[in-house]
Amino acid sequence: MTTVIADVITDTLKVPNSPSNWEISGNLARIMPHRSYFLAEVDQFSGMLELDWSKQVSGKKAWHKMMSYPDLGISTGYTRFGNTDIFGSAVGILPFMRWHWKKRERRTMYLKFGFGFAYLTKRFNELENPTNNAISTAINNYTRLEFGWEHHGKGRWSILSSISAIHFSNANTRQPNLGLNLLAIKVGFRRKHQSTLSELERTFQPAKKWQYYIRP
């Protein structure tokens with residue numbers, strides 16, 4: 001995933017007329033205890049602020065069409081977890097891909113997936129924070145799967161709304177590591193530049209035949 005993103009970003013940066021977009025959004029989220037031995041009691045909501053930059057692939061390589069002309073981007077975010085005295089807050093960076101489909105005159109559905117890293121301020125400590133058995137390291141992976149709608153306004157501005165599943169953990173490099181799973185709803189604003197590809201090309205269209213794409 002990271003290799004593909006690095007390749008695409010390098011490719012799109014070489015195309016001066018390739019469109020770029022800026023987004024700012026806020027999320028209301030809730031930590032979801034997913035094990036019976038998740039010790040901390042969760043009774044507060046979490047909040048997240050995000051700033052995203054994205055750019056559409058140039059469309060000049062075969063795999064651009066094979067992957068249905070996704071947007072590639074980088075998301076930076078600040079999260080203040082509910083029950084802050086236990087879980088603290090997080091600052092993360094998230095490379096992502098986004099696909100568009102079911103495009104209508106005023107609304108487009110999209111799917112966004114990203115994988116990155118985050119720094120968390122609170123973690124397990126036997127004396128000072130014994131109930132946080134979800135996070136035990138400062139640096140963790142940060143994964144997000146988002147399904148949403150883009151509501152097109154006048155000009156280049158649009159409103160985003162989505163639901164997301166978010167995960168923080170250290171990939172079992174240190175225990176305890178139950179991880180933090182959050183469900184979130186998001187509202188944001190996007191400023192987009194005119195696309196160099198047609199709207200038909202930008203819309204996800206399932207292929208009539210199966211296609212396979214493998215990249216180490």
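A: A salt bridge here is a side-chain nitrogen of Lys or Arg within 4 Å of a carboxyl oxygen of Asp or Glu. By that rule, the side chains of D52 and K112 meet in a salt bridge at 2.7 Å, N to O. This is a predicted model, in which local features need pLDDT of at least 70, side-chain atom pairs count only at pLDDT 80 or more, and totals for chains, interfaces and linings use all residues. Residues are numbered from 1 along each chain as its sequence is written, and side-chain values use heavy atoms, with hydrogens and water left out.

Q: Which strands do D52 and K112 lie in?
A: D52 lies in strand β2 (residues 46-56) and K112 in strand β5 (residues 107-120), so the pair ties together parts that are 60 residues apart in sequence. Strands (E, at least two residues) and helices (H or I, at least four) are DSSP runs, numbered from the N terminus.

Q: Are D52 and K112 buried or exposed?
A: Both D52 and K112 are buried, where buried means under 20% relative accessible area, exposed over 50%, and partly exposed in between (1.4 Å probe, protein chains only). For D52, the relative accessibility is 1%.

Q: What else does the D52 side chain make a polar contact with?
A: The side chain of D52 makes a polar contact with the side chain of S75 at 2.7 Å; such a contact is a pair of N or O atoms within 3.5 Å, where within protein one must be able to donate a hydrogen and the other to accept it, and residues adjacent in sequence count only if both atoms are side-chain atoms. Leaving aside residues up to four places away in sequence, D52 touches N21, W22, E23, I74, S75, T76, F96 and K112, a contact being heavy atoms within 4.5 Å.

Q: OK, how many salt bridges are there in the whole structure?
A: A search of the whole structure finds 11 salt bridges. One of them joins the side chains of D71 and R98 at 3.5 Å, N to O. D71 lies in strand β3 (residues 71-80) and R98 in strand β4 (residues 89-101), so this pair ties together parts that are 27 residues apart in sequence. D71 counts as buried at 0% relative accessibility, and R98 is buried too, with a relative accessible area of 2%.

Q: And what about E150 and K192?
A: The side chains of E150 and K192 meet in a salt bridge at 3.7 Å, N to O. E150 is in strand β6 (residues 139-152) and K192 in strand β8, so the pair ties together parts that are 42 residues apart in sequence. Salt bridges that share partners join E23, D71, R98, E150, R190 and K192 into one network.

Q: Switching to the surface, which residues make the nonpolar patch?
A: W22, I24, L51, W157, I159, V187 and F189 make a nonpolar surface patch of about 730 Å². The elements giving two or more residues to this patch are β1 (20-31), β7 (157-169) and β8 (180-192). Patches are made of residues with over 30% relative accessible area and no salt bridge, with like charges joined within 9 Å and nonpolar side chains (Val, Leu, Ile, Met, Phe, Trp, Tyr) within 5 Å. Accessible areas come from the Shrake-Rupley method with a 1.4 Å probe, and for residues only the protein chains shown count as cover.

Q: Where does I159 sit?
A: I159 is in strand β7, and at 41% relative accessibility I159 counts as partly exposed.
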